[in-house]
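The plan is to look things up one by one and write down what I find.

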Amino acid sequence: MNRRAPLLLAFLGLVAPMVAHATPPARVEVEGARVTVADVVRNAPPDAASVDLGPSPALGGSRLIDRDTILRALREHQATEPARLPEAVRVFRRTRTLRANELEEILRNALPRERLPRGATLTAVHAPRSLDIPAGWSSVTAEIPRPPRRAGPFVTTAQVSFVRGTEVLARVTIPIDLTFPPEAVRPDLARGSAVTLLVRQGLVEVRVSASAGTDADVGDTIPVVLRPAGRVLRARLIERDVALAVEGP
């Protein structure tokens, strides 16, 4: 008999129980950009629950957090150590798959909350067939680049942001088609038009006659010319004929 056989049998006898009782790490899904103790430990003590364990994995990936990592973070924060800790936890980012029709509906609902150019019509949304997004968003915003001042069709993109509280979970760029009527060519305030310049200094508010130094829409910051002094200041158009000074007189 081979002399190594007894040693091999003895070794297998030692490791077999370990292999038999080995279990894969627990699997958890998290929302948000960071992993906390509460995500990986059940009934974590209140002072330990919010202890940060690092970034969440990217979509489609995972991250293994072992017992030593959890203990180290708890001790760094001088937080209560739970009576039982997992040996290891594999963390995944919770996701949601959105179909093209869902993305279009989300974009159409979000875009009016941003300032669409006057009179513009959203005629088409070219959303991808499906898209994986981190789950858990509480609101969605959409922004579009400022279009040229001309009538007719215009192809551009909308940047859609999925937001949870103050945290942006994902940003997605979706091609869209807009159409502008003839009135879209006309600015809210034409160059040379009269405008009231509003100057605020603490509790003091002064209104001064001025004229627009360039074409502008509400929300734009433009040069305005004081009358009759001719001095030029910068101001933000807050109404069609009222601009708020952004630098002192």
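**Ser209 and its strand**

I started with Ser209, which is found in strand E13. The model is a predicted one, and I keep that in mind throughout. Is Ser209 buried, partly exposed or exposed? I noted it as partly exposed, because its relative accessible area is 45%, and buried would need under 20%.

Next I listed its contacts. Leaving out residues up to four places away in sequence, Ser209 touches Val195, Val225, Leu226 and Arg227. I also checked Ala194, which is 15 residues from Ser209 in sequence. Their C-alpha atoms are 7.3 Å apart.

**Neighbours of E13**

Which way do E12 and E13 run relative to one another, parallel or antiparallel? I found them antiparallel, with 8 bridges joining E13 to strand E12, residues 194–201. Gln201 has Val204 of E13 as its bridge partner. The hairpin of E12 and E13 has 2 residues between the strands. There, Gly202 takes a positive phi near 65°.

I then looked at E14. E13 pairs with E14 over 3 bridges, again in the antiparallel sense.

The loop between strand E13 (204–212) and strand E14 (221–226) holds Asp220.

**The open sheet**

I turned to another group of strands. Here 4 strands form an open sheet, in the order E7-E11-E10-E9, with antiparallel pairing. Its edge strands are E7 (121–125) and E9 (139–143), each pairing on one side only. The twist averages 40° from one strand to the next.

I followed E9 to its partner. E9 and strand E10 (residues 152–164) pair over 5 bridges, in the antiparallel sense. Ser139 stands opposite Val163 in E10. Helix H5 (residues 100–110) packs on the sheet. H5 touches E7, E9, E10 and strand E11 (167–180). The direction of H5 makes about 160° with that of E7.

**Two cores**

Which residues touch the most other members of the largest nonpolar core? I found Leu107, Trp137, Phe162 and Ile176, in a core of 27 residues. H5, E7, E9, E10 and E11 each supply at least two residues of this core. E11 gives the most, with 7 residues. My general reminder here is that nonpolar side chains tend to be buried together in soluble globular proteins.

I looked up Leu107 by itself. Not counting residues up to four places away in sequence, Leu107 touches Val125, Ala142, Ala158, Val160, Ile174 and Ile176. Apart from this core lies another, of 19 residues, with Val41, Ala73, Leu85 and Val91 among them.

**Val41**

My last entry is on Val41. Where is Val41 found? I placed it in the loop between helix H2 (37–40) and helix H3 (46–49). Val41 is buried because its relative accessible area is 4%, and the cut-off for buried is under 20%.

Setting aside residues up to four places away in sequence, Val41 touches Ile70, Pro82, Arg84, Leu85 and Pro86. Val41 and Ile70 are 29 residues apart along the chain, and their C-alpha atoms are separated by 9.2 Å.

Note on methods
Residues are numbered from 1 along each chain as its sequence is written. This is a predicted model: local features need pLDDT of at least 70, side-chain atom pairs count only at pLDDT 80 or more; totals for chains, interfaces and linings use all residues. Side-chain values use heavy atoms; hydrogens and water are left out. Buried means under 20% relative accessible area, exposed over 50%, partly exposed in between (1.4 Å probe, protein chains only). Contact means heavy atoms within 4.5 Å. Two strands pair if DSSP finds at least two bridges between them. Axes are lines fitted to C-alpha atoms, for helices over the stretch in contact, and angles run from 0 to 180 degrees between N-to-C directions. A nonpolar core is a set of buried Ala, Val, Leu, Ile, Met, Phe, Trp, Tyr and Cys residues joined through side-chain atoms within 4.5 Å.
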